[in-house]
Amino acid sequence: MADQCMPGWILATLFGLSVIYYLVTKKKEQRASKDLLEARSEYVNSIATTSGECRSSNVSDVDVIIVGAGVAGAALAHTLGKDGRQVHVIERDLTEPDRIVGELLQPGGYLKLIELGLEDCVEKIDAQRVFGYALFKDGKHTRLSYPLEKFHSDVAGRSFHNGRFIQRMRDKAASLPNVQLEQGTVISLLEDKGTFRGVQYKTKDGQELKAFAPLTIVCDGCFSNLRRSLCNPKVDVPSCFVGMVLENCQLPCANHGHVILGDPSPILMYPISSTEVRCLVDVPGQKVPSISSGEMAKYLKTVVAPQLPPEVYDAFLAAVDKGNIRTMPNRSMPAAPYPTPGALLMGDAFNMRHPLTGGGMTVALSDIVVLRNLLRPLRNLNDAPTLCKYLESFYTLRKPVASTINTLAGALYKVFCASPDQAMKEMRQACFDYLSLGGVFSAGPVSLLSGLNPRPLSLVAHFFAVAIYGVGRLLLPFPSPKRIWIGARLISGASGIIFPIIRAEGVRQMFFPATVPAYYRAPPVK
């Protein structure tokens, strides 16, 4: 009887929580919107916009300048070039990158790759097909498959060496006659009367030059030194990844990403070639054990290794002994753009989330699709006032997809980390057990994570369904005062995790994208 009543109890509780949250946050949201408008107004005044309009010089070398040729920059260069734009890409280093992240593309991202005509960039690089995740906790595991039944058989996730993927996209972009890739370092953005006109950069030979275009798009990555001109960056570093490559290692679940809910935080594994497995050990905080002193190797062998599945234990120890250990801080940064005539931020320079869910490339490729569709009707980018309106609408139209993936990444990381708090322990266990139920209980969250169904309301519903499921486990069959107290703190903790993230992402644009003015929307392209 209790099990039959559980779905109705969950739905009623979710509805009640939604109403309470709306009433409590309505005034805060209005106040935040007012403050943001004032900040934007102040910024526009500071850059001296002429007569309330964006004005563009007729003197320009190309249509678009792109700063950076990583995943976002290279894909964008090919996309705009294919649409007939004259594109100038300036990249600091055109040699093949060597990174420990940006190696897992979710199925939703692969669909965007197909939409952009770039799906062949995952070919000839020994990329591996990924069909879902395997989740491990306390010696148990559950397999979470991507809901791919409605898609073509080729649609799946892809994992690969990041540098190989980027070089394929760079080569494809450079193959277009109207796209120029140049190695150089952009020093600054060029501004005139409140409008950005182009960039000043230093060539590979050390010569300082200027390049002009009606639109400059900054995609220079997580270490961007140009973003402060275009947004209000609030970068958080919740943890660091310690990365290694395991060789000739057979994962417990072939063609799946593996997430081990370890202590103190998750451990990730996924194939990046037919013979290599990437292992990423999350270390909370901004400090990691020293590699040079041997503290890191000791930490990995004594703390991490005992928590791994036995199938990968020996390969993990061999990788530690080999010594090719690298670290990278995990950054998150909500999108907080200024209205900047003539310039736009994209990729990690603009918006970051914890890489636990591998959603970064999916967000970037989705943003490129949105921008391409917006710019297609504007054959002349020198029509500055119209261009400004469409660029402003970009920030709103991207919100539902980007914010869903961002929010999920931040919330899952906090739930998956070990905690001494009993309520958070229950939340972590409830999440594992909820996903283990299968059916809609796993397909819904996995479709969110994979980018196949990035709906904010679905995210909130599943997140609180997990919390309520955890409370139900505590209270049934016979509640005690202690269990009731833990259940109340569990719901409170869940609210404390997800609502601040949603508020930072922007509630109105995330949940109500229809508020975009009609004249901002690009008409369909035939």
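In what order do the seven strands of the open sheet follow one another? The structure is a predicted model, in which local features need pLDDT of at least 70 and side-chain atom pairs count only at pLDDT 80 or more, whereas totals for chains, interfaces and linings use all residues. Residues are numbered from 1 along each chain as its sequence is written, and side-chain values use heavy atoms, with hydrogens and water left out.

The order in the sheet is β10-β9-β8-β2-β1-β11-β17, with mixed pairing; strands (E, at least two residues) and helices (H or I, at least four) are DSSP runs numbered from the N terminus, and two strands pair if DSSP finds at least two bridges between them. Because β10 (208–212) and β17 (343–345) each have a single partner strand, one side of each edge strand is left without a neighbour in the sheet. From one strand to the next, the twist averages 35°. Within the sheet, β1 (residues 64–67) and β11 (residues 215–218) pair in the parallel sense over four bridges, and Val67 has Val218 of β11 as its bridge partner. Helix α8 (residues 384–397) packs on the sheet, touching β11 and β17, and its direction makes about 10° with that of β17; contact means heavy atoms within 4.5 Å, and angles run from 0 to 180 degrees between N-to-C directions of lines fitted to C-alpha atoms, for helices over the stretch in contact.

Helix α4 (residues 162–174) contributes several buried residues, including Phe165, Ile166, Met169 and Arg170, where buried means under 20% relative accessible area, exposed over 50% and partly exposed in between (1.4 Å probe, protein chains only). The elements that cover the buried residues of α4 include α2 (71–82), β2 (87–91) and α7 (360–375).

The whole structure holds 18 salt bridges, a salt bridge being a side-chain nitrogen of Lys or Arg within 4 Å of a carboxyl oxygen of Asp or Glu. One of them joins the side chains of Glu91 and Arg170 (3.8 Å, N to O); since Glu91 lies in strand β2 and Arg170 in helix α4, the pair ties together parts that are 79 residues apart in sequence. Glu91 is buried at a relative accessible area of 11%, and Arg170 likewise counts as buried, at 5%. Glu426 forms a salt bridge with Arg473, with the closest N and O atoms 3.8 Å apart, and this pair ties together helix α10 (residues 422–436) and helix α12 (residues 456–475).
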